[in-house]
Amino acid sequence: MRHKLVFIGCAALLLGGLWLLLKPSSQPAIAATTTLHEYNFVVNGHYESQRIRVTQGDTVKIEIRSTQNDQLHLHGIDKHLHIAADTPLNFEFVASQPGRFALELHDSGIQLATFEVYPH
Amino acid sequence: MHILSRTQQIGASVFGLTLSSIAQAHSFGEPYTLPMPYWMYIYGAIAALVLSFLILGFFYRAEQASRPHKQWPIGHPRLFKFARAIKLSTLLKSIVLLSFGLAIVSGLIGNQDRYRNFNMTFFWISFALGASYLSAAFGNWYQYLNPWRVMLAPLKRFSQGRQTYPSQLAYWPAVGLYMAFICLELFGNTKPFSLSLILISYTIINTLAVWRYGSQNWFKYGELFSVMFQLIAKMAPLHYQPSAEGKYKLQLRMPFSGLLEQRVEHGSLLVFLLFMLSSTAYDGLRETSLWFNLFWKDPLHILEPLLGEHPLYAYLSLRPWYIGFETVCLLLSPFLYLGLFRLFLWLGKLITQTKLSVSELALRFGYSLLPIALVYHITHYYTLLLSQGLKIRGLISDPFGWGWNLFGTAISGRLPVLPDMGFIWNSQVWLILIGHVASVYLAHAEALRSFPSQRQASLSQLPMLLLMVIFTGAGLWILAQPLQG
């Protein structure tokens, strides 16, 4: 039993020390500024998926124009929108949740972009 | 305050191609996890190394290894009586069977939007992931509730089998089916309809195999989920088994202790186990920019002279080759891991001068890799259970995606549960370290049993430790890599 306690003690000490050693010192919070990103997608059957990096709290404005009717799905905030052919669709969202979220057109199976929302 | 960053016209037809489909990683569901900060990966790798040597230093006595591991019976007899009274087992069997039935029907006639149809979320997330983790927590439940076993159970004469199971087949059917399953997951791009066809085909395969080899044998060696969940259940803190008098016994034990004193039955099962590890690592790797660019940016200038143009421009003709290349890498991955495993065991054999063959050592030490495989799987996929798996609640209300709301829980814009990224990164590092410690401990316990002296046992573990640090480090490294868009 003593053996186990010594092991747990040593392990905790080493892991804790290493953590303190390696963890970068946290930056003082920069004045709360958020960025507005605007993207304009034009889809006509061919598309290269974009990786778009934003920071938590940023606002993203999107305009999409497609040559066919489709269903737009933004994962994460779970937005489902209908796109009519040749009619621009505008929407905006605040990237409040960190993570990677795909923006997809479900009917044509095209992935327009992946939003990488990084924490502050 | 808003700062306008950029207004972009993201152009169409960059190369006149649909590059998006290359980047699309899974058949269904994307983990939303961001790459882990680099310092955490470095921390995890060093911590794994340090912990390994601590274990080696502290748990070195042979009598510790030969002590039987503890089990505590739990569950009051009244509890079992109650379970019998409400026919719990029949109830659960019916739920599992009906869910699979519903999944097949909804794929055939329901909405083909993958996120609106019940079957994609049910099979790829609730079953393939959720059932694995249920096995890790609650043990061998699948043995009793396996829908295919339950479906064929009433046909007693049919399920007896027509011939004895050929011993050389061993677990190879399960390995083959597992490989097919992962190929479908990674490259299949299944839709609700095709998923239903796959489930129907799998039911036919199981039925024919049971007819030929019998239920007992097929669900031990052949049916892939039986083999997979049975492996995972060995690590669970709960174990359920009928006692000699036919009464049921529920045992509580230390997590992972079910792997102590166990020898992998056959080389094929070892390959299966290594594929659990390698396919997860490969899935992580192929989503990284590094892997993507290795082929498409052609840094070694192998493809460009062959094609006469940059590979990205030859996308359409190269795409089938790329899928082929990825499939070959995936299918070779367990054998690469097996080669590495045997190499390090051979080094251990050199050091200890043991008479045991490398193959025998591989079978004895094989199970010690299972904890690494399990935690690695969990760190990769558990967020999908939260982001997509919980939507099963809503999908049950509208299984066909026709706008029903049977139980008042249909998709109502309720956001999925997405834990904070800091929490996810921390949980990844700590889970991987827990698995690493369990693996090192199990290997060390096995060494104390397999080698005559403690000194030999400890020495034999040096190459093994190195291998486990490599597996753990590589796993963390993949989690820290930037991902392809």
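B:His266 touches B:Ala170, B:Tyr171, B:Trp172 and B:Leu363, apart from neighbours within four places in sequence; contact means heavy atoms within 4.5 Å. The residue sits in the loop between strand S4 (248-253) and helix H13 (267-286) of chain B. Helices (H or I, at least four residues) and strands (E, at least two) are DSSP runs, numbered from the N terminus. With a relative accessible area of 29%, B:His266 is partly exposed. The scale is this: buried means under 20% relative accessible area, exposed over 50%, and partly exposed in between (1.4 Å probe, protein chains only). From B:His266 to B:Gln168 the C-alpha distance is 9.7 Å, although 98 residues separate them in sequence.

The model is predicted: local features need pLDDT of at least 70, side-chain atom pairs count only at pLDDT 80 or more, and totals for chains, interfaces and linings use all residues. Residues are numbered from 1 along each chain as its sequence is written, chains are lettered from A and ligands numbered from 1 in the order in which they are written, and side-chain values use heavy atoms, with hydrogens and water left out.

**Two buried residues of chain B**

B:Glu326 belongs to helix H16 (residues 315-352) of chain B. Its relative accessible area is 2%, so B:Glu326 counts as buried. Leaving out residues up to four places away in sequence, B:Glu326 is in contact with B:Phe187, B:Tyr282, B:Arg286 and B:Trp291. B:Gly308 is 18 residues from B:Glu326 along the chain, and their C-alpha atoms are 22 Å apart.

B:Thr472 is found in helix H21 (residues 454-479) of chain B. Which side of the burial scale does B:Thr472 fall on, buried or exposed? B:Thr472 is buried, at a relative accessible area of 3%. Apart from neighbours within four places in sequence, its contacts are B:Ala48, B:Ile372, B:Ile432 and B:His436.

**Aromatic pairs**

Rings of Phe, Tyr and Trp (its six-membered ring) pair if their centres lie within 6.5 Å; planes under 30 degrees apart count as stacked, over 60 as edge-to-face and the rest as tilted. By this rule there are 48 aromatic pairs over all chains. One of them joins B:Phe100 and B:Phe127: the ring centres are 5.0 Å apart and the planes stand at 85 degrees, so the pair is edge-to-face. B:Phe100 is in helix H5 (residues 88-109) and B:Phe127 in helix H6 (residues 118-138) of chain B, so that the pair links distant parts of the chain, 27 residues apart. B:Phe100 counts as buried at 6% relative accessibility, and B:Phe127 counts as buried at 6%.

A further pair, B:Trp124 with B:Phe181, is stacked, at 5.6 Å centre to centre and 25 degrees between the planes. B:Trp124 lies in helix H6 and B:Phe181 in helix H9 (residues 172-187) of chain B, so this pair ties together parts 57 residues apart in sequence. B:Trp124 is buried, with a relative accessible area of 6%, and B:Phe181 is buried as well, with 9%.

Chain B has 21 helices and four strands. Its radius of gyration is 24 Å, close to the 23 Å that the globule rule gives for 485 residues, so chain B is as compact as a globular protein of that length. The radius is taken over C-alpha atoms, and the rule is 2.2 Å times the number of residues to the power 0.38. The C-alpha atoms of chain B fill a box of roughly 70 × 55 × 55 Å along the principal axes.

Chain A holds one helix and eight strands, in the order α-β-β-β-β-β-β-β-β from the N terminus. The radius of gyration of chain A is 22 Å, well over the 14 Å that the globule rule gives for 120 residues, so chain A is more spread out than a compact globule. Its C-alpha trace spans about 75 × 35 × 20 Å along the principal axes.
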